[in-house]
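Reader: I have just started learning to look at protein structures, and I would like to go through this one slowly with you. Could you put it up before I ask anything?

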Amino acid sequence: MEIITIKKLVSEAQCYEAIRTLRWQENVSCVHCDSLEVIKRGYHSNQAFRQRYECKACQKRFDDLTETYLEGHHQPLSVWILCLYFMGLNLSNAQIARELDLNKDDLQFMTEHLRTGIDKKKPEILSGEVECDELYLVAGHKGQPEKVREANREPRCRRLKGARGRGTLAAEKPPVFGMIQRTGEVRIWMLENVQQDTIKPIILSAIAPGTLIFTDEYNIYNRLEEWGFKHKTVNHSQGEYARDEDGDGFCEVHSNTMEGFWSLLRPWLRPHRGISQDKLPLYLSFFEFVHNVRKRGKALLSSLLSTLVKKSLQSHI
Ligand SMILES: [Zn+2]
């Protein structure tokens, strides 16, 4: 009996239809000059469902995929979309390669390309109440991929003594720096090291001035007020995990939101054995996106695809 694969069941025609809906809704606008005076100009010579257009204003031509992350590839669009769908379900590269009958190198190229496209979309500036914290992973250097996993969490008291060399890229323990707005979005970055000079530009670019920031008592956070923020700390080394400072019965001084996010990130990374540290930022930003759109499955696929067909993404490269 012939094997029925998902690849054979998904239609190219409907994939292109989905792209047109996400990209243009009702009105096709010229990708070169934004004019709406656009006429259809038949279909692509090799891809029967890829609509071509001509702009009456600037005379230039384009098609459904022009200037998107899905343009100019050998694999059919349906294979790219299925790949993205499986990435949203957090399958490993090896699993997706098996599902789509692709070799590992081709698949690796595809997932990296798609992750790069998603990486261009950055969250809003964080404000209000924001928690900052770090997580330590283990990753190999380029060319010597090792499984990325969470490093053993050392007691917080060791940090407070300022143990040098812990959690640096050189030590193959990439620190991941997280900033999360309570009831809002999250930003995560892989750091070279955990020092004030390293986190300062990241915090200044991601968090609005004057924001109230909650951290533990690690000394990298000592200058937040000097940098223009309000700052409250929770002292984990003394066994304190939340404190009710204003006496209203709510323990508002904590970093539980960030801890909650880390507890989602760790299992998300687990299937991806062998992420080298030069690739780790792309995995982090993909999960940042997934978390921030707060969608899974079918709804996540729409969000991922509409991000990849936004023309504006390309201009930032
Ligand atoms: Zn035009």
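Reader: Thanks! Is the crossing in which α3 passes α4 right-handed or left-handed?

Author: Keeping in mind that this is a predicted model, α3 passes α4 in a right-handed crossing. The axes of α3, residues 77-88, and α4, residues 93-100, come within 10 Å and cross at roughly 140 degrees.

Reader: And which residues make the contact?

Author: From α3 the contact is made by V79, L82, C83 and F86, while α4 brings I96, E99 and L100.

Reader: Let me pick L100 then, why does it count as buried?

Author: L100 counts as buried because it has 20 C-beta neighbours inside 10 Å, and 20 or more is what the term requires. Leaving out residues up to four places away in sequence, L100 touches K7, V79, L82 and C83. The C-alpha atoms of L100 and T5 are separated by 8.0 Å, although these two residues are 95 apart along the chain.

Reader: New topic: which residues touch the most other members in the largest nonpolar core?

Author: That core has 61 residues, and W80, I81, C83, L84, L114, M179 and I207 touch the most other members. Its largest share, ten residues, comes from α3, and the core draws at least three residues from each of domain 1 and domain 2.

Reader: What is W80 in contact with, leaving aside its neighbours within four places in sequence?

Author: With those set aside, W80 is in contact with L70, H73, Q75 and M110.

Key: Residues are numbered from 1 along each chain as its sequence is written. This is a predicted model: local features need pLDDT of at least 70, side-chain atom pairs count only at pLDDT 80 or more; totals for chains, interfaces and linings use all residues. Axes are lines fitted to C-alpha atoms, for helices over the stretch in contact, and angles run from 0 to 180 degrees between N-to-C directions. Helices (H or I, at least four residues) and strands (E, at least two) are DSSP runs, numbered from the N terminus. A crossing is left-handed if the near helix is turned anticlockwise from the far one by less than a right angle, and right-handed if clockwise. Two residues are in contact if their C-beta atoms, placed from the backbone, lie within 7 Å. A nonpolar core is a set of buried Ala, Val, Leu, Ile, Met, Phe, Trp, Tyr and Cys residues joined through C-beta atoms within 7 Å. A residue is buried if 20 or more other C-beta atoms lie within 10 Å of its own, exposed if 12 or fewer, and partly exposed in between; C-beta atoms are placed from the backbone. Domain bounds come from an automatic or database domain assignment.
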